[in-house]
Amino acid sequence: MKGLGRVRLDRVEKYYGGVSALKTVDLEIRPNEFFALLGPSGSGKTTTLRLIAGLETPSAGRILFDNLDVTDSGPGERDIAMVFQSYALYPHMTVAENIAFPLRMSGVPRRELASLVRGAAARVRIDHLLDRRPSQLSGGQQQRCALARAIVRKPRLFLLDEPLSNLDAKLRVETRVELKSLQHQLDVTTIYVTHDQEEAMTLADRIAIFMDGEIVQVGAPAAIFERPATLAVAGFIGSPAMNLVRAHADGGAVRVGDTIIPCHARIPGPPRDVMLAVRPGDIAADKQGLPAQVYVSELLGETSIINLKIGAELVKMRVSGGSPFRDGEQIHVRFDPDRLHLFEPESGKRIEIEAEPKMRRSAP
Amino acid sequence: MTGRGLRRRLAKALITACATAILAVWAFPIFWAFVVALKSESEVLAFPPSLVFTPTLRNFIDTLVGRFSILPEMGTSLVISLVATLLTITIAVPASYAFARLRLPAGKLLGFYVLATQMLPPVGLVIPYFLILNSVGLLDTYQGMIVVYLTFSLPFAIWLMVSFMEDVPREMEEAAAIDRASRLKTLWYVILPQVRGGIAVTVVFVFLNCWDEFLFAVQLSGNRVRPVTVAMYNFVSVEQTLWAKLSAAALIAMVPMMAIGFAAQRHIVKGLTVGAVKGGGRR
Amino acid sequence: MKGVNRAQASWMKGERLFATALVAPGVIALLVTTTAPLVYLLWTSLHAANLSMPWVKGFVGLDHYVHMLGDGRFWDSLRLTAIYTVTTVVLQVLIGLGLALLVLQIPHGQWLFRLVAILPIVLAPVVVGLFWRTLMLSPSFGLFDIFTTQVFGRSYNWLGDPTLALISVILIHTWQWTAFAFLVLLAGLASIAPDLYEAARIDRAGAFARFRYITLPLIRPAIMIVIIMRAVVALSAFAAIYAATGGGPGTATQILNLYAYQTSFVALDFGYGSAQAVALLILTLAVSAALFRLRRPKGWA
């Protein structure tokens, strides 16, 4: 029984006792989409996943799969598969038996089991480990066993709860690529929970960013990268994340300290204090501009991150190659005027600025 | 060797000597029982007692297959303990799963109830049981004994199994639910295999408690059904005590328990410490 | 305050049914085998039920209890129960802890100690009582007597002298069950992370200070559990005392448990015996409740 794999959360809320874990959530996930739920711990993303899985029931609202209300259905009735953060492999069963378990529970006849199990295992390249027990596998192999168990049934929905967080850094990056390829092959709607923004940005077709129990932005990675909706999102996305600097805006000019920052846009509203956000890659050293003192340089190989002190604030600048500066050196920097983001300091909301068209084309 | 190293070695040697001495003293009574069992009755009463004598297996043979055989009573104990243990496990394991994992109506209250029943002093139960079994004619029967042995086995088994059930990670059950396993299938295929060790511990303790039990045995049994603990009194009477035979018989009766103790020692320690971590309970 | 404000999902209802079905046999069995007899015990304690005087019967209300409160022997047995329980528990904890601390220093031989410790625990208490009565404590031929006559030149009447008899049964109980405290506390001690001791050593804490500030507080929960469990067992100890002294000489070792037994099965006064058993039950529950509260001062955690 396979529908399209569309998921909709309609005004869903979740309370535990008197404590709110999820404030009103409205979400629509499209068929065959790789959709990430991203946010720091406790932001509500795992709660949302568990609600979609049916492991918890919402305090209010509905959950719909392909327009079918599944809010009252148990997890076994929703035709989903899930990979847990701890993998939740059955320790007393072999890898083959683990993978076969969901098929057995669905009543698949015994003679078909072996080939289906081998097929799923081969897809994640553990078909040589079928007779081992989970305790005899490495972390990466266990994770793939959990994956195989999830995909063997060809479910309508594929849920992953921070599946890579228990792997070491190098393995994480390798497995990431494999996961993306796997999802393309299987063509199944995938919902992926993570706190690692790099993971979400590289894997997902669309991302929902959670903060404090609500969604603050939904969109494709590029859109989020280009136009973060709030200060919090701006400070969260990107590695390294955006620099956030206190500034003062007045019509067409933005001032940091005593220096005017050229900005190819008009800032609506009265003169006020704002937060200025700019990516490390959009800062460059210059003969004139904002005075800054080099604090520490991080050499990363192909690029380097220069930590600067501008007034009392720490700002990171990216340069290619090694660092041409000494620690403590006084330099000047300029921010790319087309790539500035402004936010309200208290609410964190993005300030929409109107670009001045003729200025944009002449950006250096 | 440095001064510090030497001091440490000396300390360790002293501690080992001390502990071994305590151990020897502690184990001595059992050892002595063995020695006595190998003597003849007259040698036992010889004064002063000596470790030099001609050992004889007469006592062991007599109490095992000879005139004073306690084999029938051991058989009785075996039947009662085995059946009681089986019944207990069959009832306690599912119940403990429900307590530990499922949202039970009035769950907490029932939990207190089970804990409280563990605190009952046996004398408070043997009195009504004597009167009740007497009036329904179940004194001195296997059925009567088995039912009575359930009274102390059940609460203890439930309490033990609950802690083992709680050790199973919740995610295991969630994964099984997503894999479309019904509650019953989850219990059978996923949970039970994982608490196998816990069940073993419970079986050992329940069986041990049943075999070693005395008060219920002596009051509620008679000539037809006589557990082995009561059989010890075959060798004790007002006029005389057959020391050597008593020792031999007691040792034979306790051999199954000692064997289980050695074989299942890790299980026993686990059972004891489980109790220590979660509170309450017998033995 | 908002909570889960939707109706129970249908699949959750099924779960409740399943849970009830699993628990039902156990609860029913408990009710039948434990609670019913208890109720019957209470009922009997309110009636005259002396099988040696079967013509006397009927409801007597609280007569037995009143009689009990005026019964010197009852108070005596209560006193003995208190002495017995407190002494055996304290001894078990002290010796068990001491032994565990010693054995902890010998990581290689620990398995042997654990093995030997299991022996007294698996023996039937009645067997233990008989062994001690005959082999160790009996006059002339018991090992204790031989030892004292050889070394001190005099004989002690371990089982015949009231005070010595009490000491004897305490000794027997302690001998059998200290191993329990030993095993539990050994496991508890082993679970303390060695890093804590190393950090303390670096902070220049001596052995005694380390014991006082690290070991004791961390092992306190285990000690409390041992105390609770052993106290409950000591209150209802029967077989070993019965086998060793039978409650005697006279009534010198007749703790309440044994007194109730004697009243019921020897004097055949089941009514009065039931009342005594009820008293013991109340005592046990009270002691457990008090000890539990000591363990978790904030209430049920």
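Trainee: Which residue is the bridge partner of A:Q293 in β20(A)?

Mentor: The model here is predicted, and in it strand β17 (residues 290–299) of chain A is joined to strand β20 (residues 330–335) of chain A by four bridges, with the two strands running antiparallel. Within this pairing, the residue of β20(A) that bridges to A:Q293 is A:Q330.

Trainee: And which residue of β18(A) does A:Q293 stand opposite?

Mentor: Strand β17(A) is also joined to strand β18 (residues 303–310) of chain A, in the antiparallel sense and through six bridges. One pair across these strands is A:V294 opposite A:L308. For A:Q293, the residue that stands opposite in β18(A) is A:K309.

Trainee: Which residue takes a positive phi in the hairpin of β17(A) and β18(A)?

Mentor: The strands of this hairpin pair through six bridges, and between them there are three residues. The residue with a positive phi, near 100°, is A:G301.

Trainee: Which residue takes a positive phi in the hairpin of β18(A) and β19(A)?

Mentor: Strand β18(A) pairs with strand β19 (residues 313–320) of chain A over eight bridges, again in the antiparallel sense, and one of the bridges links A:I310 to A:E313 in β19(A). This hairpin has two residues between its strands. The residue that takes a positive phi, here near 65°, is A:G311.

Trainee: Which are the edge strands of the six-stranded open sheet of chain A?

Mentor: The strands of this sheet follow the order β13-β12-β11-β15-β21-β22, and their pairing is antiparallel. At one end of that order, strand β21 (residues 341–343) pairs with β22(A) over two bridges, where A:L342 has A:I351 as its bridge partner. An edge strand pairs on one side only, and in this sheet the two that do so are β13 (259–261) and β22 (350–351) of chain A.

Trainee: Looking at chain A as a whole, what percentage of its residues are buried?

Mentor: The secondary structure of chain A comes to nine helices and 23 strands, and its C-alpha atoms fill a box of roughly 75 × 45 × 40 Å along the principal axes. Of the contacts in chain A with a separation of 6 or more, 66% are between residues 24 or more positions apart. Among the 364 residues of chain A, the share that is buried is 39%.

Trainee: How many residues does chain C give to its contact with chain B?

Mentor: On the side of chain B that touches chain C, the largest share, 13 residues, comes from α1(B), and the residues of that side divide into 61 nonpolar, 14 polar and five charged. Chain B gives 80 residues to the contact, and the number given by chain C is 77.

Trainee: Which element gives the most to the side of domain 1 of chain B that touches domain 2 of chain B?

Mentor: The domain assignment of chain B gives domain 1 (2–55) and domain 2 (63–277), whose C-alpha centres lie 34 Å apart. Eight residues of domain 1 are in contact with seven residues of domain 2, and the elements that give two or more residues to the domain 1 side are α1 (3–37) and α2 (41–44) of chain B. With four residues, the element that gives the most is α1(B).

Trainee: How far apart are the C-alpha centres of domain 1 and domain 2 of chain C?

Mentor: Chain C is divided into domain 1 (2–45) and domain 2 (66–300), and four residues of domain 1 are in contact with six residues of domain 2. The side of domain 1 that touches domain 2 has two nonpolar, two polar and no charged residues. The distance between the C-alpha centres of the two domains of chain C is 35 Å.

Trainee: Over which residues of chain B is the pLDDT below 50?

Mentor: Chain B averages a pLDDT of 86, and 93% of the residues score at least 70. Where pLDDT is low, the predicted coordinates should not be read in detail. That caution concerns a stretch with 17 contacts in the model beyond near neighbours in sequence, and the pLDDT is below 50 over residues 278–283.

Conventions:
Residues numbered from 1 in each chain as written. Chains lettered and ligands numbered in written order. Predicted model: local features only at pLDDT ≥ 70, side-chain atom pairs only at ≥ 80, totals over all residues. Domains from an automatic or database assignment. Contact = placed C-beta atoms within 7 Å. Nonpolar A, V, L, I, M, F, W, Y, C, P; charged D, E, K, R; others polar. Pairing = 2+ DSSP bridges. pLDDT = per-residue confidence, 0-100. Buried ≥ 20, exposed ≤ 12 C-beta atoms within 10 Å, placed from the backbone.
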